[in-house]
Amino acid sequence: MANEKGSRSLWALGWKRLRKDHIGFVSLWMVAAFVLLALAGALGLVASGWRNEVAKPYAPPTLLKSLGPKHVQLTAENIDAANKASEQANGQPSTGTSLTADEDPLAGDLAEASKNEGQYQEAATQKAETLPMGADLRGRDVLQKVLKGTSTSMLVGLMGSLAAIVLGTIMGGFGGYFGQKIDDLLMWFYSVFTSVPDMLLLLAFSAVLRRGISTVILVMALTSWTGTFRLMRAEFLKHKSREYVKAADAIGASHLRRMFVHILPNVSYLLLVQFSILTVALIKYEVILSFLGFGVSVTQISWGSMLAEAPAELIQGYWWQMACVTLFMSILVTAFSMLTDSLRDALDPKVK
Amino acid sequence: MRKGQFALAALTAILISGNGFAADMNKVLHVAFNAPETGFDPAKISDQYSSSIVENIFDPLITYDYLARPVKLIPNTTEAMPTISKDGKVYTFHLKHGIYFADDPAFGGKKRELVAEDYAYSIKRLLDPTINSPYSFLVNGRFVGGDELVAKAGKNTLDYNAPLEGIKTLDKYTLQLTLKETNFNMTYILSMPVFGAVAREVIEANAANTMAHPVGTGPYLLKEWKPGTKMVLEANPNYRKDVFNFAPSKDAIDAGIIKAMKGKTLPCIGRVEVSIIEEEQPTWLAFLEKQLDISGIPQPALQEALVIDPKDPTKATLNPKYAKMGIQHQRYKLQEVTYTYFNMDDSVVGGDSKEKLALRRAIAMAFPRSETIAAIRRGQAVPVNYMIPEGVGGHNPNFKGAAEYDPAKANALLDKFGYKKGADGWRVQPNGKPLSIEYATGSAAIDKQWNEYWQKAFDSLKIHVTWKVGKWNELDKEARQSKLQMWGLAWGADYPDGDNFMMLLYGKNAGDVNYANFKNAEYDKLFESSLKLPDGPERNKLYDQMNKIVVAQQPWIFGDTRVRNTLAQPYVKGFKIHPIVNTTWRYIDLQK
Amino acid sequence: MFAYIIRRVLQMIPTIFGVMLLLFILFNWVGGDPSYILAGKSMNATTLANIRAQLGLDKSQFAQFLIFVKQVATLNFGISWSNQQPVSSILAARVGPSVTLTGFIMLVSTVLSISMASLVAYVRGSLTDRMVTLICTTAMSVSALVYIIAGQFWLAHKLGWFPVLGWGDSFAKNLVTYLPLPVLLGVIVSLAPDLRFYRSCFVEEMNHDYVRTARAKGLSEPKIMLKHVMRNALIPVVTSIMMSLPYLLVGALLLETFFAIPGMGREVIMAVDKSDFPVIKAITIYIAILTMIFNLLADIVYKLIDPRVQLK
């Protein structure tokens with residue numbers, strides 16, 4: 001079992017190298033902090049109230065109030081008042097509809113229901129004039145949204161790339177390890193998928209599936225497994241003829257055991273690098289998906305769905321939601337990319 | 001030599017003034033559509049964008065007065081409005097002489113005059129089973145002998161040469177249409193762009209691709225077409241002499257328009273370039289940078305472009321910053337209703353029983369319509385309270401049909417009918433089965449904004465809602481197969497008469513335009529009687545009764561009617577928007 | 001070499017078949033029914049049936065697939081279902097703008113990134129190197145969508161340096177007037193990742209033993225860089241460029257959308273939206289063929305750059 005020790009020591013060495021790399025180490029902590037934030041968001045510990053309308057529509061950021069546009073947003077009360085006025089002018093009834101009690105089959109029931117409606121009356125809440133990071137169209141707190149969005153976007157990125165890696169590794173492993181007919185079939189599959197533009201696959205897959213986080217993850221996995229496949233196929237091809245795999249064969253280890261217990265740990269460092277590259281790519285990919293209308297559903301929030309609101313907001317002068325998301329996203333993505341670089345260096349067996 | 005040249009120039013000038021060509025080819029109008037067109041065969045199109053081009057290339061018999069409001073029909077290629085028989089069934093049109101088609105190789109180098117036979121041919125094309133006209137519903141079953149001719153054709157081309165009693169020419173310039181039933185909307189219908197005259201030679205010569213070869217008698221011809229991106233129109237040199245000579249309406253801007261345009265030979269603008277810009281930000285910025293001459297204000301830009309009075313949001317004026325630049329601003333209520341329908345055949349939301357009605361009513365009461373008018377429409381919409389919008393014959397401004405927003409009472413109503421809350425806090429059906437409603441929606445950013453408010457409505461009732469996201473044609477298919485539960489739609493007037501709206505809930509239209517599959521015997525009876533009446537108090541009474549049925553049974557949740565805000569650059573002269581005609585390019589001028 | 005090319009071309013056939021199968025299944029399953037678009041506001045069963053018959057949708061799935069095979073064999077995809085124009089002429093009108101836009105982005109970005117990458121790799125480990133890497137990484141972290149929205153809003157609208165959008169008929173006009181801003185934004189988006197990638201290619205080459213040998217032999221650094229490192233590092237560079245060429249066609253969707261450029265990306269979205277299957281089929285098949293041809297070309301170029309490469 002020298003190989004396992006070998007791979008373990010590579011990890012240990014990598015960890016030692018990473019700790020010496022200041023940029024890498026700082027990046028690691030930052031990514032870790034984001035992961036914690038994402039977990040807290042997913043568990044509902046942070047920003048669970050992001051859907052509450054706590055402020056006036058497009059309330060500006062507290063400190064940068066003066067940088068917001070001057071126009072006033074209309075409220076439902078304005079509209080109600082205007083409608084009342086026009087009803088009066090037109091001679092429409094001021095309450096209810098033009099139907100008399102005889103004409104409305106529900107008139108009696110409604111009258112009865114109005115006696116019990118008290119329990120459902122909600123006290124009007126005071127809406128804030130400003131918020132730390134401003135508010136969106138519905139007066140939701142942009143900071144809360146971006147925190148919750150961090151959770152979703154990271155979940156999507158991490159799960160999407162994990163799924164793509166698993167898919168790519170299994171297929172690449174089988175292709176590289178077994179070769180021959182299986183490899184031919186998988187290679188055929190691979191070349192078909194790489195020959196079809198991603199965008200078409202994306203549009204097609206999204207059309208069948210329901211909107212939501214799981215769909216986004218699935219679509220991402222289905223369109224981005226090919227890189228890992230190519231990489232793993234080459235590695236398994238290389239490793240299957242190595243001594244330690246032959247030794248495992250000699251002691252009677254099954255094919256699957258040889259593939260996933262013996263070879264896989266030795267190539268896992270490549271997977272880690274691939275995983276972090278993909279995660280970053282998918283976090284950015286989610287933005288484009290959302291813009292094209294294939295993002296998460298209305299009860300969920302992601303960075304992409306926030307940025308999809310940006311074009312309409314910017315022409316009105318509301319820049320804060322875009323700025324806020326861009327800030328969060330660039331911190332995470334920069335840290336993640338830096339970490340990837342450091343990991344690549346730290347885990348590279350060629351560098352002694 | 002000199003003299004000769006002069007004489008030639010003078011002769012040319014006479015020739016030009018003779019056929020009335022005065023357009024300045026250096027005047028180029030830039031406009032944009034926000035969705036792609038499909039083509040320019042009048043019989044094959046139904047979208048607004050294609051119609052906007054088609055109405056400039058082809059001439060229907062009748063058209064609208066540019067300035068008159070409420071809208072008024074006027075003769076277009078006819079000498080006068082048609083003579084209509086007493087029973088309202090026989091329409092006779094006398095064409096003007098000397099109207100010519102734009103030149104085309106199919107005419108063999110000769111000038112081709114517009115004759116009555118062209119209109120007969122063009123209308124018959126809408127019946128042709130091989131053309132599958134999207135507007136065939138306007139002509140099917142309408143003309144004497146029409147159905148028989150269509151039946152005879154089966155799946156093949158209509159026999160255009162066979163005599164047809166309902167559509168015939170009395171002489172070279174006289175067209176007579178005979179209807180099976182009295183119909184008071186026929187003149188409106190015939191003014192639609194799809195009833196423009198095509199020339200049979202051109203259609204037959206380009207049979208494989210009629211969409212790309214529009215040749216008509218209208219003010220413009222299609223110079224260039226890049227599908228989905230660009231259309232260029234140029235003034236038609238063969239266009240008849242047409243002089244701006246409209247009487248002012250009550251509108252204040254008319255005086256200025258008449259001053260700028262009176263006596264001018266139309267069209268003034270030589271070239272119209274139409275591009276497709278789907279996104280709102282670029283459209284709006286392009287207008288501000290004068291890359292577009294006329295543009296609607298996209299909804300997100302309304303707050304910035306206008307000063308909207310919070311006390312009366314429907315009274316909005318142009319932001320002084322733009323008014324100072326001389327930008328012209330016009331607004332009018334669209335002749336449309338938006339609504340969300342319930343599928344009345346559905347086992348959860350449909351049905352006549354009181355508990356189902358209570359569920360529909362509760363949802364209607366929980367939808368925060370005023371909030372959507374404030375946030376999405378920016379006040380530029382008014383609530384729908386009657387199935388027929390303002391400006392359309394039969395509208396009743398005194399009627400109030402929309403359920404009042406009252407989520408608390410809606411909850412109490414659901415309690416009363418046994419939609420109890422389960423252990424998880426969400427409501428179940430009275431029979432104890434779980435309650436979840438599926439709402440159909442598109443996938444654009446604007447759809448998502450609306451869904452936010454629907455989500456809010458359902459959340460306030462503690463009813464689960466799920467979204468069925470699909471492309472328009474997919475949802476349309478499922479809707480017509482009665483597979484959807486709820487879907488929000490808009491219906492714009494094809495012609496300004498109430499019948500075009502009241503038909504949306506007529507039982508026999510279920511599976512077609514009656515998406516709600518609403519089948520109410522009383523409504524249907526009233527609708528059938530209303531068809532036999534002209535616009536007037538007698539018909540209005542029937543319409544009121546029908547609206548009451550709709551309010552009581554709640555197959556629809558009434559939405560809003562948008563107010564469209566359109567801007568034009570200072571140098572656009574004579575500009576006025578028309579509620580029915582899509583484009584007014586032929587009536588305007590550019591003076592930079 | 002010739003035999004190799006023949007063999008590779010033959011290998012394309014099963015791949016194309018696979019692409020056709022995938023496309024056919026996907027879009028017959030999810031593509032939507034175009035007859036509902038063509039039928040318009042009001043329709044009846046007869047009209048729908050007629051339309052379906054005209055489009056060939058009433059034929060069996062197998063017969064429809066055979067038609068597809070014939071279309072691919074002749075590269076004639078018939079007429080569009082949405083506007084009844086020949087697919088070939090629709091695509092022909094779209095290719096020019098797409099290639100102009102993305103071609104320029106790629107050209108500028110590649111030239112800039114290769115020259116910058118070789119410089120940075122040359123001073124690897126220095127403060128400059130680390131700063132450039134950091135700046136690139138940060139620049140990459142901003143979404144392309146943000147660059148485009150913000151760039152159009154501030155650079156074109158607020159500052160007025162560029163027209164907001166547009167596309168003309170003459171190449172010169174496009175080049176001077178309409179292209180600069182979209183190309184600039186496209187380069188901003190693609191420069192950073194390219195630069196980082198090429199830098200790593202160069203650095204990796206420079207760590208090889210032969211570089212040390214060359215240095216030991218006393219060759220000057222610039223000479224080592226140009227003669228040895230560049231040549232070897234060009235292989236991954238060429239691959240990456242070759243592989244991305246087919247995507248020139250659909251790659252700039254966002255830029256096309258915001259700048260109203262009549263490119264292929266918008267056509268794809270429009271075709272999917274309108275269930276215009278002939279257009280979708282044509283674009284996919286052309287791109288698949290291009291992808292394979294460029295893969296082959298990349299392999300041949302390897303051979304030309306480095307004769308030691310064995311073609312298998």
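1. Asp535(B) and Arg539(B) meet through their side chains in a salt bridge, at 3.5 Å from N to O; the cut-off here is a side-chain nitrogen of Lys or Arg within 4 Å of a carboxyl oxygen of Asp or Glu. Asp535(B) counts as partly exposed at 46% relative accessibility, while Arg539(B) is buried at 3%. For those words, buried is under 20% relative accessible area, exposed is over 50%, and partly exposed is in between (1.4 Å probe, protein chains only).

2. A word on what you're looking at: this is a predicted model, where local features need pLDDT of at least 70 and side-chain atom pairs count only at pLDDT 80 or more, though totals for chains, interfaces and linings use all residues. Residues are numbered from 1 along each chain as its sequence is written, chains are lettered from A and ligands numbered from 1 in the order in which they are written, and side-chain values use heavy atoms, with hydrogens and water left out.

3. Back to charges, in chain C. Asp129(C) and Arg199(C) form a salt bridge at 2.8 Å, N to O. Asp129(C) sits in helix H6 (residues 127–140) of chain C and Arg199(C) in helix H9 (residues 180–206) of chain C, so the pair ties together parts that are 70 residues apart in sequence. Helices (H or I, at least four residues) and strands (E, at least two) are DSSP runs, numbered from the N terminus. Asp129(C) is buried at 2% relative accessibility, whereas Arg199(C) is partly exposed at 23%.

4. Chain B has another pair to look at: the side chains of Arg427(B) and Asp415(B) make a salt bridge of 2.7 Å, N to O. Arg427(B) is in the loop between H13 and strand S17 (436–441) of chain B, and Asp415(B) is in helix H13 of chain B, so parts 12 residues apart in sequence get tied together. Arg427(B) is buried, at 1% relative accessible area; Asp415(B) is partly exposed at 31%.

5. Over all chains, the salt-bridge count comes to 54. One network links Glu53(A), Asp136(A), Arg138(A), Arg140(A), Lys145(A), Glu309(A), Glu371(B), Glu452(B) and Lys456(B).

6. Disulfides: the count over all chains is zero, with the cut-off being a pair of cysteine sulfur atoms within 2.5 Å. As for individual cysteines, Cys324(A) is buried at 3% relative accessible area, and Cys268(B) is buried at 5%.

7. Strand S15 (residues 336–342) of chain B has seven of its seven residues buried, so the rest of the structure largely encloses it. In a regular strand the side chains alternate between the two faces of the sheet. For S15(B), Glu336(B), Thr338(B), Thr340(B) and Phe342(B) are buried on one side, and Val337(B), Tyr339(B) and Tyr341(B) are buried on the other.

8. What does S15(B) pair with? Strand S19 (residues 486–492) of chain B runs antiparallel to S15(B), joined by seven bridges, and Val337(B) stands opposite Trp491(B) there. Strand S20 (residues 556–558) of chain B also pairs with S15(B) in the antiparallel sense, over three bridges, with Thr340(B) opposite Ile557(B). Pairing requires that DSSP finds at least two bridges between the strands.

9. Finally, helix H4 (residues 107–115) of chain A has Asp109(A), Leu110(A) and Ala113(A) as its buried residues. Down the axis of H4(A), these buried residues fall within an arc of 100°, so they line one face of the helix; the arc is that of the directions from the helix axis to the C-beta atoms. Their cover includes helix H11 (354–366) and helix H13 (407–416) of chain B, with contact meaning heavy atoms within 4.5 Å.
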